[in-house]
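Please look at the structure before reading on.

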Amino acid sequence: MRAVQVWRFGGPEELVLGEVDEPEAGVGEVIVDVAVAGMTFVETQVRRGVDPWHPPPPLPYIPGVLVAGRVTRLGAHVDASWLGRRVVASTGESGGFAERVRARVEDLFVVPNSLGFANATALCSDGSTAQGLFEGAKVRAGDWVLVEAAAGGVGSLLVQFARAAGARVIGAARGDAKMRALRSLGVDVAVDYANDGWTAEVLEVTRGVGADVVFDGVGGSVGAAAFTATAPGGTFSIHGASSGAVTAIDLTAAANRRIEVLGIEQLFEFSAHSQRWAEQAMSAGVTGTVRPLIGQTFDLAHAADAHAAVENRSTLGKTLIVVESEPSLRERKHPAA
C-alpha cells in the first residue's frame with residue numbers, strides 16, 4: 001500500500017511517498033481504510049527531531065497520529081459490529097499518512113452519519129483540545145476573550161466556543177487573509193499582531209482593563225505582549241508555541257495582578273478526558289454550534305507541501321491529508337491563498 005515515510009529527521013522534503021507492507025490487525029485491533037489524516041504543528045517539529053515534548057520516533061516512521069475512515073478488517077476478539085463503521089482512529093505515535101492503518105478498538109471514535117470525515121477529524125483532535133482549554137479557563141457570558149492564532153485549527157474553534165457561551169471575542173492573527181477569516185467566524189474585534197502596539201487595540205476595546213481570558217497558542221513575543229493585555233483577576237491559558245518558544249511568565253507579576261496562569265503543562269493531563277471532549281466537540285459539530293475551519297487539504301503525494309505550509313504558518317484553520325476524497329473536500333484540494 002502507499003504511505004509517506006520519514007527516513008531521516010529534517011525539513012519537509014524528508015517526507016517521501018512509497019510502498020510499505022499492509023498492516024495486520026492483532027488482538028483487539030482493527031484495520032481502517034483511511035479517507036482523511038490530520039496533522040498538527042507539533043508533528044512538523046517531531047519530523048525535524050526538535051520537539052521538546054516528544055522523543056524522536058525510531059526511523060523510518062510514518063507521520064500522522066489521527067485518521068478517519070471505515071473499519072474494513074477485524075482482529076481477534078473484536079466485536080463484529082465494528083466492521084464497516086465510520087470512525088476516527090488514533091494511531092498512537094505514528095502511522096496515519098497511509099492508505100490503511102492499524103488501531104486499537106479503545107482508540108476508535110464513532111463518527112455520526114451526518115458528519116463528514118474531514119470535520120470529524122478536525123473536531124476529534126483540535127475540537128477536543130479546544131473543549132479542554134475552554135473548560136479549564138471557565139469562560140463566562142460577558143467575558144472579553146482574547147484568542148491568539150484565532151484563524152488556526154484550535155483557535156478558530158475556541159472563538160466559536162466562546163461566542164456560543166456569550167463571551168465577547170477578540171481574535172488575533174497575522175495578515176489580511178486571516179483577518180478576513182476571523183470576521184467570517186464572527187469575532188467582535190479582529191487584531192493583527194503583525195502591527196506594532198496591537199495590544200493597545202485590545203486595551204482600547206476593553207476600556208483599558210484587558211481581556212478576562214487569554215488563550216495563548218503562539219508564545220514568544222506575541223504571548224508576552226498578550227499577557228500585558230490580560231485583565232487583573234483574569235486567566236492566561238497557554239497551549240502552544242508556534243513562535244518557537246513558550247511564553248515566559250513572571251509568576252510574581254501574575255500573582256500581583258491576581259492572574260491565574262494555566263501553563264502548557266495542562267495539556268499533559270488532557271488524555272484522561274480526550275474521549276469525552278472529542279464526543280462533545282463532534283456533537284457540537286452535528287448541531288452546528290461549531291464548524292471547523294478547514295483551510296486547505298493536500299493529497300498523500302503532497303504531504304511534504306502540507307508540512308511546509310503548516311510550518312511556515314501560511315495556513316488557515318485545519319490542514320488535512322486526503323487519502324480517499326469525499327465530495328465535501330473536492331473543491332479544497334489546494335492550499336488557501
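Predicted model: local features only at pLDDT ≥ 70, side-chain atom pairs only at ≥ 80, totals over all residues.

Residues are numbered from 1 along each chain as its sequence is written, and side-chain values use heavy atoms, without hydrogens and water.

**α2 with α8**
- Helix α2 (residues 117–137) and helix α8 (residues 274–287) cross at roughly 110 degrees, and their axes come within 7 Å.
- Helices here are DSSP runs of H or I, at least four residues, and strands are E runs of at least two, numbered from the N terminus.
- Axes are lines fitted to C-alpha atoms, for helices over the stretch in contact, with angles from 0 to 180 degrees between N-to-C directions.
- α2 and α8 are therefore roughly perpendicular (65 to 115 degrees).
- The contact (heavy atoms within 4.5 Å) includes A120, L123 and C124 of α2 and R276, W277 and M282 of α8.

**α2 with α3**
- α2 packs on helix α3 (residues 153–164) at about 55 degrees, with the axes 9 Å apart.

**Second largest pocket**
- A pocket is an open set of points on a 1 Å grid over the protein atoms alone, where a 1.4 Å probe fits, with protein on both sides within 12 Å along at least five of seven lines; lining residues have an atom within 4 Å of a point.
- Of its 18 lining residues, T91, S94, G95, V101 and R102 are the closest to the centre of the second largest pocket.
- Strand β6 (residues 100–104) gives the largest share of that lining, 5 residues.

Methods
Parallel < 35°, antiparallel > 145°, perpendicular 65-115°, else oblique.
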